[in-house]
Amino acid sequence: MTTPDDRKYSEEHEWALVEGSVITVGITRYATDSLGDIVFVELPENGTEVTQFDKFGEIESVKAVSDLFTPVGGKIVEVNSGVIDMPEKVNEDPYTVGWLVKIEVSDQSQLDKLMDATAYDNLTAE
Amino acid sequence: MTPNASPYIPNTDADREQMLAAIGVRSFDDLVQEVPAQHRFPELNLRPALSEFDLTAEISALAARNATPGDYACFLGSGAYRHFIPSVVKSVVARGEFLTSYTPYQPEVAQGTLQVGFEFQSMICEITGMEVANAGMYDGPTAFAEGALMACRITRRHTIAVLDTVDPRNIEILDAYTRHQGCEITVVGRDDDVPADAACLMVQSPNQFGVVEDMAALAGRAHDAGALAVACVNPTSLGMFRTPGECDVDIVAAEGQALGVPLSFGGPYVGLFACKDVYKRQMPGRIIGRTTDTKGRVAYTLTLQTREQHIRRERATSNICTSTALISLLMTTYLATLGRSGFQKVAELCYHKAHYAAAEIDRLPGYTVRNDGPFFHEFLVECPRPPAEINRALLDRKIIGGRDLGDRTANGMLICVTETNTRAEIDQLVTALAEIAETAALAKTRGP
Amino acid sequence: MNVPVPGEIDRRLLNERSVPGRIGLQMPGLDVPEQPLPDAGLLRSQEARLPEVSQPEVVRYFTALSRMNFSVDTNFYPLGSCTMKYNPRVNEELAFLPGMAGIHPHQPDETVQGALQLIWELQSDLGEITGLPGVCLGPLAGAQGEYSGLMIARAYFADRGDTGRTVALIPDSAHGTNPASAAMAGLEVVTVPSDAQGNVDVEALRGLVDQRTCVFMLTLPSTLGLFEPNILEITGIVHQAGGLIYADGANLNALLGIVKLGDLGFDIAHSNLHKTFSTPHGGGGPGAGPVLVSDELAPFLPTPLVTRDGDTYRLTAPERSIGRVNGFHGSFGVLVRAYAYIRAVGVEGMRQVAENAIINANYIRVALSDEFGGDADRICMHECVFSPQAQKAKGVSALDISKRLIDYGIHPPTMYFPLIVPEALMVEPTETETKDTLDRFIAVMRQINREIDEDPDLLHDAPHDAPNTRLDEAGAARNPYLRWQPDEDSQAAD
């Protein structure tokens with residue numbers, strides 16, 4: 001699967017997709033491939049303030065657990081309850097149905113610290 | 001040819017020679033050259049090997065130096081209980097396939113252990129009235145302490161309120177488990193407020209004196225303070241008494257020994273651990289779940305393993321990496337054999353015999369049963385003399401008396417009666433207690 | 001009833017076999033007058049839905065379950081770091097003697113002199129074997145021994161007013177309990193890297209120790225089955241920084257009569273009696289994890305110990321004890337078995353145990369290293385680690401190889417541990433296996449290696465010949481189904 005070029009990527013394998021003042025966040029296909037079957041996703045509640053690159057949740061496969069680090073800071077305005085109920089959605093398509101949270105961002109310049117799809121592909125090809 | 005020295009080591013000198021040659025070394029010493037020479041092959045001050053015949057004689061002689069309940073009438077309880085164990089239990093646990101297997105990390109070849117564990121979890125849920133249970137902990141007191149740590153994780157609070165009727169030994173173990181976790185233990189009375197910052201209220205029922213606590217009221221008080229209710233219960237009592245589940249308790253621990261496990265001088269036992277479903281991901285220990293295999297057939301496996309130390313390491317819910325599976329097997333077989341009616345019947349036998357004994361003892365001059373509430377199969381007796389003296393006199397009559405609680409309450413003795421105590425034994429105890437008191441009274445009137 | 005299928009195993013749970021009215025045990029009658037019952041409000045309102053099955057059904061059910069297990073009694077079980085050795089039968093009999101299994105933990109000391117003597121003798125023997133004379137047999141498993149040992153370290157430093165020592169240094173190859181126990185003991189975990197050969201990176205360790213170092217926790221031999229060649233330098237570095245050295249005794253089997261931990265400079269250790277001292281693993285416990293310390297640390301040991309005064313033995317609390325870590329005096333039944341083992345093996349047998357364990361492991365290492373990515377040159381102790389990356393490149397994982405071994409009646413080795421070895425397969429044959437068994441294992445592994453080229457699906461779909469094929473473990477974790485539910489409940493849930 002190709003890495004979508006409509007969004008930005010962090011070194012911790014999260015993506016950020018800008019839709020106005022709200023940014024949707026998820027993990028990459030590279031991350032789901034290395035985790036394997038995802039069985040549990042723990043996400044913060046709506047309204048939680050998060051800081052760029054800080055831990056905001058956890059994602060678990062059968063025999064691994066990974067911290068989730070948010071690619072942008074701001075206020076969480078929506079949580080994908082679909083992946084909490086059916087974590088396999090993250091495996092199914094991490095870029096669409098498998099998104100994790102939407103964050104209201106005040107400072108869009110945070111995105112400058114992220115990579116574009118080509119740079120991210122280069123990182124994961126190493 | 002010289003026979004091997006040990007029956008447990010099959011390789012002969014000839015085998016070893018061939019193997020060393022295959023490895024490409026001349027002697028065994030070549031394999032341990034990295035061990036510092038000055039410390040290699042130390043002298044061991046141990047005794048020579050024993051034949052199986054001599055070993056059996058030696059350990060049997062040690063066993064013979066112990067006064068064994070059965071030969072002696074025994075009225076001890078206080079955390080460990082003598083109950084009848086059906087032969088079926090002993091024969092099942094002797095199966096080598098259960099005895100000599102490892103933790104079921106390879107589920108395809110451990111379905112026996114796993115299905116037993118699933119039965120075990122199911123039975124704990126049934127007897128406690130709780131929604132989920134794990135596959136077993138070390139023992140009751142450590143399970144109780146793990147319950148407190150779990151409550152701290154869930155509430156993100158660090159004050160542990162403990163009811164003052166909890167056995168001090170349980171509090172001591174709680175202290176050992178929480179000492180370095182930044183937790184504070186506060187002992188509270190039944191009528192005290194639960195501290196506003198408490199993670200939990202810890203209750204033991206029956207308590208250290210045998211009294212059945214009002215778990216529902218206590219759980220309500222804990223919840224009013226935003227705390228969880230953590231209860232330690234006697235599983236045998238649940239054949240009759242209200243379950244922690246019915247009392248809205250959040251986390252339950254219990255010593256499983258009473259359910260088919262030999263006394264064995266204090267261990268190995270098994271800790272039972274159950275909680276409400278919403279808290280299952282914060283449980284310590286192993287959990288077994290039902291699933292299917294690639295052919296769609298039923299199968300069982302360890303699950304929710306990311307909570308555990310082998311994956312989460314320093315962030316695990318606990319460092320525990322056992323489920324005391326063989327003891328869980330004892331308990332599971334015991335409850336399967338007793339069945340629905342037998343489980344109730346054992347509780348009823350204990351209850352009636354203990355209450356008969358209490359009534360008889362309470363009638364004796366100098367002895368008073370001092371319980372501030374209903375009890376199950378243990379009760380506190382205030383004796384006319386220090387319990388240690390009484391117990392020594394009982395021992396001469398081949399009776400092991402109750403636990404000496406003289407350090408907690410004046411001349412207090414905790415007497416436990418189970419279905420294994422016959423009426424003849426109880427009557428002997430009562431007669432003996434009367435005689436011992438009279439001798440004491442006599443000694444006093446004669447005095448110097 | 002479903003249509004019978006040949007070979008199908010009846011997996012119904014007890015409650016699915018339950019028939020109202022059946023009993024498994026005749027109960028004794030009540031021989032005292034019935035007593036008044038407490039208030040109805042105190043009694044349970046719903047009976048526990050325990051099964052109603054007859055005695056023959058109980059026996060057949062559990063016997064059938066047992067046959068779905070691999071075990072040391074039935075299979076070669078070369079599970080690395082677990083020391084799956086033979087468990088002598090006589091020890092079972094001795095642990096179940098009425099004078100051992102029947103005694104109550106609250107009995108007065110004078111009524112249990114035989115039991116207390118056994119504990120005292122075992123304390124002494126373990127102290128002698130390890131060179132760490134302060135021994136408490138109380139901890140119920142290795143992890144509890146480990147936690148006790150770390151609490152002892154903390155108490156020792158607190159007693160000296162040295163309160164800044166809050167770091168546990170732990171190698172990256174360590175077992176997960178090490179960091180988990182350290183966290184419970186309130187210590188900050190700092191990871192020490194291994195060098196390319198799998199030894200502790202001594203220079204890195206030198207850079208990490210300081211006045212904050214509480215303990216360095218080291219498994220010896222390491223989790224790679226290697227003896228640490230720089231051990232004296234390592235203990236020296238930690239001591240020089242004022243820290244203590246903790247030995248994870250999981251692999252003590254390799255050291256019996258070969259070297260004493262105390263002589264190497266270790267201050268604290270735990271020993272897993274269910275590994276080295278042959279007590280059965282029981283499908284995951286009960287174990288026993290005595291904690292062993294130097295004389296200097298002995299006053300801090302957990303409660304209780306057994307002390308001897310002339311011919312009298314008694315339970316005592318050490319003067320500055322960290323307290324009780326469990327209900328009574330330890331896994332006494334396990335202690336009886338371990339003591340019986342030490343007496344049966346005796347002074348002359350201890351070293352033979354280690355020798356044969358080490359020879360067996362090296363024999364396998366040399367035979368299989370070329371094909372399975374082991375180290376053909378570095379001598380190992382009691383276990384060897386393979387890294388089948390060449391097989392991985394062909395699309396077959398360590399997991400596939402493990403599952404295929406099941407078809408040959410061999411329990412898989414430890415997989416994917418230590419974490420620092422890619423596709424790790426860790427093999428520990430123990431001293432109780434015959435050369436024939438090892439030769440067959442080697443032949444099976446080579447055959448499996450051929451199968452990878454000839455028909456890799458034999459491995460991908462393995463096991464074929466077990467009670468179950470591979471499990472849907474993701475499904476188990478996504479939708480936890482953790483207890484029996486009556487039909488009506490489960491239907492309601494659907």
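**Exercises on chain C and a helix pair**

Chain C has 17 helices and 12 strands. The model is predicted.

**Exercise 1.** Determine whether the radius of gyration of chain C agrees with that of a compact globule.

Solution. Step one is the expectation: for 494 residues, a compact globule would have a radius of gyration near 23 Å. Step two is the value for chain C, which is 26 Å, and this agrees with the expectation. As a further description, the C-alpha atoms of chain C fill a box of roughly 70 × 70 × 45 Å along the principal axes.

**Exercise 2.** Describe burial and the sequence range of contacts in chain C.

Solution. Start with burial: 60% of the 494 residues in chain C are buried. Then take the contacts between residues at least 6 apart in sequence; 71% of these join residues at least 24 apart.

**Exercise 3.** Classify the relative orientation of helix α10 of chain B and helix α2 of chain C, then describe their contact.

Solution. Angles over 145 degrees count as roughly antiparallel, so α10(B) is roughly antiparallel to α2(C). Next comes handedness: α10(B) passes α2(C) in a right-handed crossing.

Now list the residues that meet. From α10(B) these are B:Thr333, B:Ala336 and B:Thr337; from α2(C) they are C:Gln55, C:Val58 and C:Phe62. By class, this contact of α10(B) with α2(C) has three nonpolar, three polar and no charged residues.

Technical notes: Residues numbered from 1 in each chain as written. Chains lettered and ligands numbered in written order. Predicted model: local features only at pLDDT ≥ 70, side-chain atom pairs only at ≥ 80, totals over all residues. Axes fitted to C-alpha atoms, helices over the stretch in contact; angles between N-to-C directions. Helix = DSSP H or I, 4+ residues; strand = E, 2+ residues; numbered from the N terminus. Parallel < 35°, antiparallel > 145°, perpendicular 65-115°, else oblique. Left-handed = near helix turned anticlockwise from the far one by under 90°. Contact = placed C-beta atoms within 7 Å. Nonpolar A, V, L, I, M, F, W, Y, C, P; charged D, E, K, R; others polar. Rg over C-alpha atoms; globule rule 2.2 N^0.38 Å. Buried ≥ 20, exposed ≤ 12 C-beta atoms within 10 Å, placed from the backbone.
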